[in-house]
Amino acid sequence: MKGSAIPAVAIMPSPLFLWRFKVVLFLLWGLCCCKIGWDSVMRMSADLRDLFLYEAFLYYNPLLLVALMIWLWGVNLWVFAQSSVNYARVFDLAQTHLSHREIWRVLLYAILLIVLLSPFDMFYLSSRFYFLRTVWRIMLPLQAITFPDFFLADIFTSMSKVFSDLERSVCRMVNRQVATTAWLEADSICGSHSVAIPLVLVFPYLCRLFQCLRQYKDTKEKTCLLNALKYSTAVPVIFLSALKYHVFPDKWVSFYRPLWLMSSVINSLYSFYWDIKRDWDLSILTRIFMFKNPSTWTNLLYGQIWVYYWVLASNLVLRCTWTYKLSAHLRHNYLTVFTIAALEILRRFQWVFFRVENEWNKMTAKQSLEMSSDMPSEGDRLLDSNSHTV
């Protein structure tokens, strides 16, 4: 053993260090690309710069908002994993479902459309098939409505502006209006007079409306009709706003705009009431998210009354702004509309926590009731016992 050589041990960096190193390189690369691109834009003339910024917004803001929604859904799943809410059982997911880690990775390293529609057994085929099947059930509610069906349909209502921008992008590409001033012309094919814009905006609400009617047919519960009425109040908001480009300006100011404002207030207040009373069941404030491993962050949320005040106030404000953004005559204020659309996605993000937790509470309460009804009473146990004498 004295003459044997001691092999050298290679020192390998930890996987956590390598991951952080990749993130730093990715951020540096992104900052360099943004700096080069911004310098190029600033060298343009004022008219060409405005046209370029509008084109960039039109084609990239829907994808950015979709990415934001998926990323926040990963945060939802992470919080549910840390708490007592069994989201896999609520949505009836398979054991191989996507967790928050895989969702973040897919979002960062995969092309979403190709991954979603790939027919091969790769990139979580079962989860992709589950999502596409749910989308199909939303568009054609011919079967009994399940919780994932109307849950995803509710999320789609918050992304109606995203779908509208996608339609406008495709329309401009098909009709060869990319990088032109045709978007300034209201009577162009993809301009403000297009009937496709309000139709795409209203389509998610109609899907949710038909779901409520199908639920009423199956359950005969009157609350389904009240819920359908809530989604029907979004239809006048969208179509009254679209009339601005089809009527005279004085007619819009004197008659249609007051109707639009009234319908917006009704839709906002009705939706706010339904969130609080029906979707979240916050009529009696209860403690939420009993975390398995409490930390400094979770202790700030668990059982704190300020969480409810924040949710109530922010939900009311963002409900009103979201209804205002649905208006077709605001589509040229694209920076304001983009900000409001991103805030609506954040509102839906916090809505998910309370909605899924409320559904989980209902499932556990129903299970506890069934277990208690199956247990024999004390009198039945005495009658079934052979140890007593009469």
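Buried here means under 20% relative accessible area, exposed means over 50%, and partly exposed lies in between (1.4 Å probe, protein chains only). D165 and K161 form a salt bridge, with the closest N and O atoms 2.6 Å apart. A salt bridge is a side-chain nitrogen of Lys or Arg within 4 Å of a carboxyl oxygen of Asp or Glu. Both residues lie in helix α8 (residues 160–174). They are four residues apart, about one turn of the helix. Helices are DSSP runs of H or I with at least four residues, strands are runs of E with at least two, and both are numbered from the N terminus.

This is a predicted model: local features need pLDDT of at least 70, side-chain atom pairs count only at pLDDT 80 or more, and totals for chains, interfaces and linings use all residues. Residues are numbered from 1 along each chain as its sequence is written, and side-chain values use heavy atoms, with hydrogens and water left out.

E359 and R355 also meet in a salt bridge, at 3.4 Å from N to O. Both sit in helix α15, four residues apart, about one turn of the helix. E359 is buried, with a relative accessible area of 17%. R355 is buried as well, at 7%.

## Salt bridges between helices

Side chains of opposite charge can pair when their charged atoms come close. How many salt bridges does a search of the whole structure find? The search finds nine.

One of them joins D275 and R347, at 3.4 Å from N to O. D275 lies in helix α12 (residues 249–279) and R347 in helix α15, so the pair ties together parts that are 72 residues apart in sequence. D275 is buried, and so is R347. These two residues also belong to a network of salt bridges, which links D275, R319, E344 and R347.

## Aromatic pairs

A pair of aromatic rings is described by the distance of the centres and the angle of the planes. Rings of Phe, Tyr and Trp (its six-membered ring) pair if their centres lie within 6.5 Å; planes under 30 degrees apart count as stacked, over 60 as edge-to-face and the rest as tilted. By this rule there are eleven aromatic pairs. Why is the pair of F80 and F353 edge-to-face? The ring centres are 5.8 Å apart and the planes are at 75°, so the pair gets that label. The pair links distant parts of the chain: F80 is in helix α2 (residues 46–82) and F353 is in helix α15 (residues 334–374), 273 residues apart. F80 and F353 are both buried.

F353 also pairs with F349, again edge-to-face. Here the centres are 5.1 Å apart, with 70° between the planes. F349 and F353 are four residues apart in helix α15, so about one helical turn separates them. F349 has a relative accessible area of 17% and is buried. F353 counts as buried at 10%.

## A ring cluster and charges over rings

Ring pairs link W73, F147, F150, F151 and W351 into a cluster. W351 also has a charged neighbour: R348 lies over the face of W351, at 4.5 Å from the ring centre. A charge sits over a ring if NZ of Lys or CZ of Arg is within 6 Å of the ring centre and within 35 degrees of the ring normal. The charged end of R278 sits over the ring of W274, 5.5 Å from its centre.

Which residues make the nonpolar surface patch of about 670 Å²? They are F17, L18, F21, V24, L25, L28 and L31. Patches are made of residues with over 30% relative accessible area and no salt bridge; like charges are joined within 9 Å, nonpolar side chains (Val, Leu, Ile, Met, Phe, Trp, Tyr) within 5 Å. Accessible areas come from the Shrake-Rupley method with a 1.4 Å probe; for residues, only the protein chains shown count as cover. L18 is found in helix α1 (residues 15–42). It is partly exposed, with a relative accessible area of 37%.

In an unreviewed entry, UniProt lists residues 17–38, 58–81 and 106–126 as "transmembrane region". UniProt positions are given in the numbering used here, feature names are shortened, and annotations may be inferred rather than shown by experiment. Over residues 17–38 the model is 100% helix and 0% strand. The end C-alpha atoms of this stretch are 31 Å apart.

## Two loop residues

L142 is in the loop between α6 (125–139) and α7 (147–158). It is exposed, at 65% relative accessible area.

K220 is in the loop between α9 (196–219) and α10 (222–232). It is exposed too, at 58%. Most residues other than glycine have a negative phi. K220 is not a glycine, yet it has a positive phi of about 60°.
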